[in-house]
Amino acid sequence: MPKGYIIGHITVKDPDAYKEYIEKDTPILQSLGARFIVRGGQSTVMEGTVHERHVVIEFPSYAEALAAYNDPDYQAVAEIRRASAESTILVVEGAA
């Protein structure tokens, strides 16, 4: 079964509030099976225009990635991200 991924592209507008989001979202997502593959770090845009920060979170399956994103506890914390950053979030099925 292919793994599932939550992929985020983010431009942080309020670093202090965004730090709170990271502190709160990490244990929630990890309890739902998340493994952080990419979380910020150095990047170089080779083509196109993107946000400044990139996150890739792996889950055992696409269904589990969707469930984690829609989890009520995560969605409550996601409001901090929505208020402190501009973001594009995708849930993607991995290659089989």
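A residue counts as buried under 20% relative accessible area, as exposed over 50%, and as partly exposed in between. The model under discussion is predicted.

1. Annotated region. The UniProt record, an unreviewed entry, lists residues 3–94 as "domain: DUF1330". Over this range the chain is 42% helix and 33% strand.

2. Aromatic pair in helix 1. A search of the whole structure returns three aromatic pairs. One of them joins Tyr-18 and Tyr-21, whose ring centres are 5.4 Å apart and whose planes make an angle of 45°, a tilted arrangement. Helix 1 covers residues 15–31, and because the two tyrosines are three residues apart within it, about one helical turn separates them. Tyr-18 and Tyr-21 are both buried.

3. Aromatic pair of Tyr-69 and Tyr-74. Here the ring centres are 5.9 Å apart and the planes stand at 50°, so this pair is likewise classed as tilted. Tyr-74, at 4% relative accessibility, counts as buried. Ring pairs link Tyr-69 and Tyr-74 with Tyr-18 and Tyr-21 into a cluster.

4. Two packed helices are described by the distance between their axes and the angle between them. On the side of helix 2, the contact is made by Ala-68, Tyr-69 and Asn-70. Helix 3 contributes Pro-72, Tyr-74, Gln-75, Arg-81 and Arg-82. Tyr-69 and Tyr-74 thus take part in this helix contact as well as in the ring pair of point 3.

5. Arginine over a ring. Arg-39 lies over the face of Phe-36, with a distance of 3.9 Å from the ring centre.

6. Loop residue Ser-61. Where is Ser-61 placed? This residue belongs to the loop between strand 3 (53–59) and helix 2. With a relative accessible area of 5%, Ser-61 is buried. Apart from neighbours within four places in sequence, Ser-61 is in contact with Met-1, Pro-2, Lys-3 and Gly-4.

Terms used. Residues are numbered from 1 along each chain as its sequence is written. This is a predicted model: local features need pLDDT of at least 70, side-chain atom pairs count only at pLDDT 80 or more; totals for chains, interfaces and linings use all residues. Side-chain values use heavy atoms; hydrogens and water are left out. UniProt positions are given in the numbering used here, feature names are shortened, and annotations may be inferred rather than shown by experiment. Helices (H or I, at least four residues) and strands (E, at least two) are DSSP runs, numbered from the N terminus. Rings of Phe, Tyr and Trp (its six-membered ring) pair if their centres lie within 6.5 Å; planes under 30 degrees apart count as stacked, over 60 as edge-to-face and the rest as tilted. Buried means under 20% relative accessible area, exposed over 50%, partly exposed in between (1.4 Å probe, protein chains only). A charge sits over a ring if NZ of Lys or CZ of Arg is within 6 Å of the ring centre and within 35 degrees of the ring normal. Contact means heavy atoms within 4.5 Å.
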